[in-house]
Amino acid sequence: MLAFGAAAASPASTATASPVAASLASQPPCLPHACIPCTTSSAFHPRTVSLFNQLVFSFMIMYSILRLQPTCSFFYVLRNFWALFRGFVFQIVWCLAGEDIVNLKAFRVRAMAETLSTPKLDSKSKVSGKRRALISLSDKTDLALLGNGLQELGFTIVSTGGTASSLESSGVTVTKVEELTSFPEMLDGRVKTLHPNIHGGILARRDQEHHMEALDSHGIGTFDVVVVNLYPFYDKVSSSSGISFEDGIENIDIGGPAMIRAAAKNHKDVLVVVDSKDYPALLDYLKGASDDQQFRRRLAWKAFQHVASYDSAVSEWLWKQTGGDKFPPGLTVPLSLKSSLRYGENPHQKAAFYVDKSLAEVNAGGIATAVQHHGKEMSYNNYLDADAAWNCVCEFSKPTCVIVKHTNPCGVASRDDIVEAYRLAVNADPVSAFGGIVAFNVEVDEALAKDIREFRSPTDGETRMFYEIVVAPKYSKKGLEVLRGKSKTLRILEASKNNRGKLSLRQVGGGWLAQEADDLTPEDIQFNAVSEKAPEENELHDAQFAWLCVKHVKSNAIVIAKNNCMLGMGSGQPNRLESLKIAMRKAGEEVKGAALASDAFFPFAWNDAVEEACKSGVGVIAEPGGSIRDADAIDCCNKYGVSLLFTNVRHFRH
């Protein structure tokens, strides 16, 4: 790449000229084209050279070019002819005027050669004690603080475009990148810092003598600090207003990542900063006398992580533009640390919580983005339980309360009166509900908050119910005030509903499982009656409610429900019969006429789960069907006069 810029003609400056430029400066440019030597020692006096001979020679060379390159373009021929003609004319002028003109021409060529060579920059390297910082920012938060701080420390600030203008308006003296590269910004800003004078100054190792000699020979100064952040690609492509494909492509940063990666690679000599939160730490470090390599490494790690997250967003967006399926050949999930947790599932396990920064999660709701209004910091198990409760309660369209213990819903109820729904959910299993997580899909107002605070356990009528977390979509001002008075430790979360269609990821040893979320609701499927007795309308509604509950219970899962209220559930048992017995025991006498839902088919009917359910007085059973013994289940239900519904949809939950 050629760099254009003015340079003074001096003996010192010629030392930096390239070999080609030096060759041009050392002899008249006519020599490669002349037939008769242009020297005073020639046998022919220059003033007696035959004009005819010169013309004949010029056209002979032209003819040779045409013979050797018959496929050359007219422009190429014309260009070569013009070069020959210039040499011929200069020969005549030299012959007439003597060597003085040649000397003048040589002087001009020497000046031109120095101009074409890499300019000797006024950019002192670290050797002379002058430090330089390169700043190029899209997000200019605290830019004045950074610029003034570096200037006070004696740094020369080099910057680009809008960043340079912002710095100058803050009273910071700035050297613009174009002054170093002697090359203007071009291609609508696509090319401005991609230049050896920039990247050479970043990448050169100060402990390698040949690196520093190379910089010195080309007049390139070093950079000690590089502060760069990137085009707001993430914000642009995730904005609610949308963005065209062309605009998305133009918001992919090229020069920024190149500078960040270069500085991070050479972090031993160059401090790289990509986050405005690190400006104070950077300035404090520069004021100190020690050279903390760990500090440099942390900044370098952050820089590479920043670029990696940026590239993952570009990759995710581009894959979506290809129209590919939900599972790309490669997948990168950018995670951002939200908090360090006291411990994991158990006190001896360290833990942390990360937020998924994938484009698919922007404004997509969920516990990860919930706002905590009150209480102790969230624990590992708190997040798991709150997520389970919130995902379950958001499935219901009517005002609903869900209580969860160890990720399983132990109480679910829907009522127009949310206070009544809350009490029914507690009554389903008050022992399990104590110390659980309570979730609502409607606003928590003052009346509901008072009931949560004061409601006594149905087991003794005296003990106030204790909860780890309350989560809801919103709170009234009074409701929040009342809840805060219940306990200093009660965690109060405000969350938004999870979007449907998300990708679900789960880790196994050495890999990850990916699947679509189980988003099906009763409205999405058919409840097909396969028994002689068809369900009544209220029985069908109860079956749908139970089916919606059972999808959130760990397999093997059984739920018994009636009148929009879960009466009992059995979860996590190795066989379905045991889960059924647990659910019936919790439901008690209320099992009669209730609906039973199973997350998977019944492998056996007679003397097993189906017959046990029918004998207990269940009115309707909903299951996926698909067993080789489905006929036995149908016959069993027909014998006991129970309605049997096949959904053709399984709800395993491991």
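Modeller: Of the 654 residues in the protein chain, 44% count as buried, meaning under 20% relative accessible area with a 1.4 Å probe and protein chains only. Keep in mind that this is a predicted model, where local features need pLDDT of at least 70, side-chain atom pairs count only at pLDDT 80 or more, and totals for chains, interfaces and linings use all residues. Residues are numbered from 1 along each chain as its sequence is written, and side-chain values use heavy atoms, with hydrogens and water left out.

The chain has 24 helices and 21 strands; these are DSSP runs numbered from the N terminus, with helices being H or I of at least four residues and strands E of at least two.

Now your close-up. Strand β1 (residues 132–136) runs parallel to strand β2 (residues 156–159), and four bridges join them; two strands pair if DSSP finds at least two bridges between them. I135 has S159 of β2 as its bridge partner. Together with helix α6 (residues 143–152), β1 and β2 make a right-handed β-α-β unit. Right-handed here means that, with the strands pointing away from the viewer, the path from the first strand over the helix to the second runs clockwise.

On the β3 side, three bridges join β2 to strand β3 (residues 174–176), again a parallel pair. S159 turns up here too, standing opposite K176 in β3. To get from β2 to β3, the chain passes through helix α7 (residues 161–169), and this β-α-β crossover is right-handed.

Terms used
Buried < 20%, exposed > 50% of the residue type's maximum accessible area, 1.4 Å probe, protein only.
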